[in-house]
Amino acid sequence: MDRDIIEALLRVVEVKDACTAAHTWRVALYTQLISESAGLDRDEVLRLMYAAVLHDIGKIDIPHRILAKPGRLTAAEFKIIKTHTILGYDRLRRMGETDSVTLALVRSHHERLDGSGYPDGLSGAEIPTAASCFAVIDTFDAMTSVRPYRPRVGHGAAETALAELKAGAGTRYCPEAVELLAARYECGELDWILSYFNDEQPVASGSGYDAPLIATAGRELSQRWRRGEASPFGPSRVVSRGDAD
Ligand SMILES: [Fe+2]
């Protein structure tokens, strides 16, 4: 898919829900780091990053009142949220997207190895590899991002998330992806992403993040990407443990 179209879609996400936009940028950055550390070449890394950027695009079609609801979702609301996988997949196909990695990741990033995920209840090798690996990153970010009930994140949240991922490695989560993510965390390489739009940003009840801030930062990242820099989202900024918590 053309970069201009991806950027236009992201602008819509930013306007609709800044929290999803911040999540999108962080998971793209984690995807870059993890796929580079897995030894993938630049084209493969970029392909996965495009897919990561688009993974929640179906949320465009979910009502804002549900996306931004500060409290617990009802069963009916959660059922609606779950449809973002199919909605995103259908939307991209209608737009002419044919890349198998992107389509698989958008549709299947909430599947789990034991078959407990959605939307298709796939299990084990039925789940496309890229989606299975990305699910680990997506889950990690969901557990380490600022929420109304979790106003600050730090190493405590990251360690809890990694413990849960390790406990589910091989049963719910792709073990290789869990191992790669844990290794990068141990090296301190995830710290700057963990705090990206996440550190000490007070979340006003129900209002999410500061949308203009996200949009400005997103545009800067897009410009780097457009310039075709070797590392499209800029070099990974490794910070030493202790600087970020
Ligand atoms: Fe999702």
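Colleagues, I begin with helix α8, which passes α9 in a right-handed crossing (right-handed if the near helix is turned clockwise from the far one by less than a right angle, left-handed if anticlockwise). The contact joins Val 136, Thr 139, Phe 140, Met 143 and Thr 144 of α8 to Ala 157, Ala 158, Thr 160, Ala 161, Glu 164 and Leu 165 of α9; contact requires C-beta atoms, placed from the backbone, within 7 Å.

This is a predicted model, in which local features need pLDDT of at least 70 and side-chain atom pairs count only at pLDDT 80 or more, while totals for chains, interfaces and linings use all residues. Residues are numbered from 1 along each chain as its sequence is written. Helices are DSSP runs of H or I, at least four residues, numbered from the N terminus.

The axes of α8 and α9 lie 9 Å apart, at an angle of about 140°; axes are lines fitted to C-alpha atoms over the stretch in contact, and angles run from 0 to 180 degrees between N-to-C directions.

Let us turn to α9 itself. Ala 158, Ala 161, Leu 162 and Leu 165 are buried there, meaning 20 or more other C-beta atoms within 10 Å of their own, against 12 or fewer for exposed residues. Viewed down the axis of α9, the buried residues fall within an arc of 95°, so they line one face; the arc is taken from the directions from the helix axis to the C-beta atoms. On the other side, Gly 156, Thr 160, Ala 163 and Ala 167 are exposed. The cover over the buried residues includes α8 (129-144), α10 (175-186) and α11 (191-194).

Technical notes: Helices (H or I, at least four residues) and strands (E, at least two) are DSSP runs, numbered from the N terminus. Two residues are in contact if their C-beta atoms, placed from the backbone, lie within 7 Å.
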